[in-house]
Amino acid sequence: MWTIQDQYPRRRRWLALVAVSGAAALIAGSAGSAVADEQTDSLFIASPYELPLPVADSESGNAIQRPFEVQLQHYNADNIVTGGHLTVDASGLADVAEVAWPNTCTPDSATPLTAVCDFGAIPVGWSYRSVAEIRLRAKADAVVGASGTLRMSAIADSSFGQLISDMTEVPVTIGDGPDLSLNQVPYLDGIAPGTDIDQPVRLSNFGNQPVDRTLLTFFVSHGLALKNRYGNCQYDDADQVTNPTMAAVVCVIDQPVVPGTTYDLSDAAAVRTTSAALYERFDYAVQPYSDEAYQQALRFGEFVPGSGADLTLEPMAAPLKATAPAPDLDEEDNYRTTQINVANTANLIALGDEVSGKPGDTVTATVGVKNNGPAWVASLGAGAQVAPVEVQLPEGTTAVAKPDTCHIPWTGDDDGTAEPVDTGHYVCQTPIYLWEKGRNTFTFTLRIDSVDPANAPGSVTLPDNGLEGPRISDFDPQLHNNTAPFTLVAGTG
């Protein structure tokens with residue numbers, strides 16, 4: 001899994017908005033469990049649990065203006081969300097902060113701290129849509145520890161009907177210290193293999209104090225290649241134990257990150273999609289440097305130093321006055337992840353087998369799945385199996401030993417109160433990735449009970465159901481080889 005999340009946990013709050021057509025049953029919960037019939041959809045508002053603002057400078061009264069991005073998501077591909085309105089009520093910040101509205105938001109003429117923001121179509125899936133970027137600044141007379149509450153709700157139009165949210169609240173507190181922040185770069189889709197991508201990653205300090213030294217970390221999935229290698233960075237290109245799906249990069253920046261300044265990291269984040277690229281992921285994180293954090297970042301893998309010039313920070317804005325260093329005010333925006341979906345294919349092939357013998361014999365059979373590429377396949381967001389294997393044993397055989405990763409599927413009411421019936425049907429679990437030219441195999445030990453030419457053959461099937469991850473048909477144009485025979489023939493002797 002992605003070990004950097006242990007260092008930079010994502011503390012996001014998701015507010016579910018649900019539209020139900022007719023008598024559809026509603027199952028409310030997390031993004032992964034909000035499931036009902038095909039006429040039900042869930043739309044989510046993404047917001048932080050809390051938002052710190054740096055206190056204004058005591059001499060000039062100036063304060064850093066901090067952007068606050070509101071994002072929406074929904075998950076039913078059959079539902080078309082055409083647009084809607086986000087209502088933002090910042091009246092609870094009247095004694096704490098000043099608000100600057102974007103052009104898409106119309107402030108209320110009587111209550112200018114309340115606005116309605118228009119947004120357009122919301123794409124489906126794990127990607128997100130930014131619907132408003134609101135800018136907040138501490139009031140000149142607001143003291144450290146002062147707080148208020150910002151409230152939001154939304155209404156969206158969709159082909160399933162209107163989606164109406166509950167109210168979500170974001171506490172805003174005045175703080176004193178640095179606030180390192182990384183912007184969220186857009187998810188990309190339909191990128192060709194061999195494409196150079198200059199990702200517009202920006203590092204900002206939205207606090208009121210500097211950070212003298214920073215620790216920058218990247219994680220790059222298997223189908224992406226970094227374009228630059230820097231002398232002040234350590235690279236782990238072959239971590240096949242803790243994170244076989246990605247390479248890690250750890251950089252130490254010996255350069256102050258000053259308040260009110262944004263730095264361009266697009267060269268450091270530049271990647272090329274390889275011939276194996278398909279569903280790719282790029283993670284990036286920053287924190288104030290400490291020896292402990294540096295050693296923790298290097299604790300897994302075999303890192304080697306880069307041989308190029310040092311990575312330096314290029315400022316994109318003028319700084320405000322800086323003071324003494326202090327802990328980061330808000331670590332929630334110190335870690336980001338983005339996805340790069342590549343227009344590539346992989347050819348998954350079911351691997352069957354043929355066993356022979358006479359009644360009473362015990363034989364072994366190996367079945368599974370292989371990938372003829374050119375792309376690897378991975379579920380780096382949901383962490384789902386990329387190609388579970390369904391096995392139906394040949395008629396006349398019984399499994400006396402099987403892999404631990406293969407189990408009898410439940411049928412009927414899955415309430416856990418009854419034992420599943422062994423009909424020779426097994427589902428074998430696979431990892432969340434399958435290398436290009438790689439394979440996953442499963443060996444069964446079978447007892448031959450009878451050999452009859454009329455016995456039905458078994459099969460090995462790669463189901464195209466997309467229950468946890470993408471459908472195989474989304475990337476595999478050759479579905480004819482996703483089923484293979486598993487046969488029993490009479491042996492001699």
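Reader: What does the word buried mean for a residue here?

Author: Buried means under 20% relative accessible area, exposed means over 50%, and partly exposed lies in between, with a 1.4 Å probe and protein chains only. Both cysteine 233 and cysteine 251 are buried in this sense. The model is predicted: local features need pLDDT of at least 70, side-chain atom pairs count only at pLDDT 80 or more, and totals for chains, interfaces and linings use all residues. Residues are numbered from 1 along each chain as its sequence is written, and side-chain values use heavy atoms, with hydrogens and water left out.

Reader: Why is serine 181 called buried?

Author: Serine 181 has a relative accessible area of 5%; the limit for buried is under 20%, and serine 181 is therefore buried. Serine 181 is placed in strand β13, residues 180-182 (strands are DSSP runs of E with at least two residues, and helices are runs of H or I with at least four, numbered from the N terminus).

Reader: Which residues does serine 181 touch, leaving aside those up to four places away in sequence?

Author: They are Arg202, Leu203, Ser204, Phe206 and Asp333, where contact means heavy atoms within 4.5 Å. The C-alpha atoms of serine 181 and aspartate 333 are separated by 5.2 Å, although these residues are 152 apart along the chain.

Reader: What makes cysteine 105 and cysteine 117 a disulfide?

Author: Their sulfur atoms are 2.0 Å apart, and a disulfide is a pair of cysteine sulfur atoms within 2.5 Å, so the pair qualifies. The torsion about the S-S bond is about 105°, which means that this disulfide is right-handed. Cysteine 105 is in strand β7 (residues 105-107) and cysteine 117 in strand β8 (residues 114-119), 12 residues apart.

Reader: How do you know whether cysteine 105 and cysteine 117 are buried or exposed?

Author: Cysteine 105 has 6% relative accessibility and cysteine 117 has 1%. The cut-off for buried is under 20%, so both cysteines are buried.

Reader: Why is the disulfide of cysteine 406 and cysteine 428 given its handedness?

Author: The torsion about its S-S bond is about 110°, so the disulfide is right-handed. Cysteine 406 lies in strand β33 (residues 406-407) and cysteine 428 in strand β34 (residues 425-428), so the pair ties together parts 22 residues apart in sequence.

Reader: What makes β18 and β22 a pair of strands?

Author: The two are joined by 3 bridges and run antiparallel; pairing requires that DSSP finds at least two bridges, so β18 and β22 pair. Leucine 224 stands opposite threonine 273 in β22.
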